[in-house]
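This report is written for a reader who is new to the model shown here. Please look over the sequence and the structure before reading on.

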Amino acid sequence: MSRCLSNNTKDYLRTFRFILDDMIDGMTDAKLTDSISHNFIVQMLPHHEAAVRMSENLLRYTTNIELQNIALGIIREQTESIENMQRILRRCSGERDQRQCSYRYSRKTEEIMRAMFARMRDTDITNSIDCNFIREMIPHHIGAVCMCENALKYKVCGGLRPILRSIISSQRRGIAQLRRLERVLGCA
């Protein structure tokens with residue numbers, strides 16, 4: 001980590017770390033049951049809420065129009081996804097899964113989350129807030145894709161399946177946009 005960070009970068013990073021810690025707490029402290037659908041939703045809600053807050057944090061600092069549009073897209077898409085998951089939570093929470101399936105799902109989800117948390121914490125930090133955001137958001141999006149793919153291996157609530165597919169599609173598109181911009185800005 002660079003020792004000569006601007007005050008703007010320090011402020012951006014302080015807020016980012018607060019949001020990241022809050023997301024980690026929300027995802028790891030979620031009240032889990034024997035319903036894979038329920039567990040996915042209650043862990044993905046803080047994940048999506050963090051992406052919205054991280055994007056709002058970026059918008060306070062960036063002057064890059066393309067990155068502003070990406071952040072606004074994240075806010076729009078993930079807010080809609082949050083609303084959709086909240087709408088089906090009660091119904092989906094009633095579906096129960098076999099203990100063995102629930103255990104396998106949970107073990108894989110924990111592995112995905114640990115890897116995502118580590119990659120987000122250990123990004124290279126520079127005075128380029130734009131590059132910092134890109135390097136932080138790529139593993140965040142990858143984590144969402146992996147969590148959705150894991151959930152789709154199991155029998156989940158019918159209302160959740162289209163949400164999972166939508167998250168995968170939007171996050172893959174977002175990863176591609178961020179990686180392209182990472183190259184353009186010389187962040188890699």
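Does Tyr-61 count as buried, partly exposed or exposed? At 24% relative accessibility, Tyr-61 counts as partly exposed; buried means under 20% relative accessible area, exposed over 50% and partly exposed in between, with a 1.4 Å probe and protein chains only.

## Basis of the report

This is a predicted model, in which local features need pLDDT of at least 70 and side-chain atom pairs count only at pLDDT 80 or more, while totals for chains, interfaces and linings use all residues. Residues are numbered from 1 along each chain as its sequence is written, and side-chain values use heavy atoms, with hydrogens and water left out.

## Helix H3

Helix H3 covers residues 65-93, which is 29 residues. Helices are DSSP runs (H or I, at least four residues), and they are numbered from the N terminus. From its first C-alpha to its last, H3 reaches 40 Å, close to the 42 Å expected at 1.5 Å a residue; the expected span is 1.5 Å times one less than the number of residues.

At Arg-87, H3 bends by about 35°. The bend at a residue is the angle between axes fitted to the seven residues ending there and the seven starting there. The N-terminal end of H3 is capped by Asn-64, which has a side-chain oxygen 3.0 Å from the backbone nitrogen of Glu-66.

## Aromatic pairs

A search of the whole structure finds two aromatic pairs. Rings of Phe, Tyr and Trp (its six-membered ring) pair if their centres lie within 6.5 Å; planes under 30 degrees apart count as stacked, over 60 as edge-to-face and the rest as tilted. Tyr-12 lies in helix H1 (residues 7-28) and Tyr-61 in the loop between helix H2 (36-59) and H3, so the pair ties together parts that are 49 residues apart in sequence. Tyr-12 counts as buried, at 1% relative accessibility.

The rings of Tyr-105 and Tyr-154 have centres 6.0 Å apart and planes at 85°, so this pair is edge-to-face. Tyr-105 is in helix H4 (residues 99-121) and Tyr-154 in the loop between helix H5 (129-151) and helix H6 (160-185), so the pair ties together parts that are 49 residues apart in sequence. Tyr-105 is buried at 1% relative accessibility, and Tyr-154 is buried with a relative accessible area of 12%.

## Salt bridges

The count comes to seven salt bridges, each being a side-chain nitrogen of Lys or Arg within 4 Å of a carboxyl oxygen of Asp or Glu. One of them joins Arg-180 and Glu-66, at 1.9 Å from N to O. This pair links distant parts of the chain, with Arg-180 in helix H6 and Glu-66 in helix H3, 114 residues apart. Arg-180 is partly exposed, at 34% relative accessible area, and Glu-66 is partly exposed at 31%.

Another salt bridge is formed by Arg-173 and Glu-77, with the closest N and O atoms 2.8 Å apart. Here too distant parts of the chain are linked: Arg-173 is in helix H6 and Glu-77 in helix H3, 96 residues apart. The side chains of Glu-111 and Lys-108 also meet in a salt bridge, at 3.1 Å from N to O. These two are three residues apart in helix H4, so they are separated by about one helical turn.

His-140 is found in helix H5 and counts as buried, at 0% relative accessibility. Leaving out residues up to four places away in sequence, His-140 touches Met-23, His-47, Ala-50, Ala-51, Gln-78, Met-116 and Met-120, where contact means heavy atoms within 4.5 Å. The C-alpha atoms of His-140 and Gln-171 are separated by 9.1 Å, and the two residues are 31 residues apart along the chain.

His-38 is in helix H2 and counts as buried, at 12% relative accessibility. Apart from its neighbours within four places in sequence, His-38 is in contact with Lys-31, Thr-33, Leu-89, Cys-92 and Ser-93. The side chain of His-38 reaches the backbone oxygen of Lys-31 at 3.0 Å.

Key. Polar contact = N/O pair within 3.5 Å; in protein donor to acceptor, adjacent residues only side chain to side chain.
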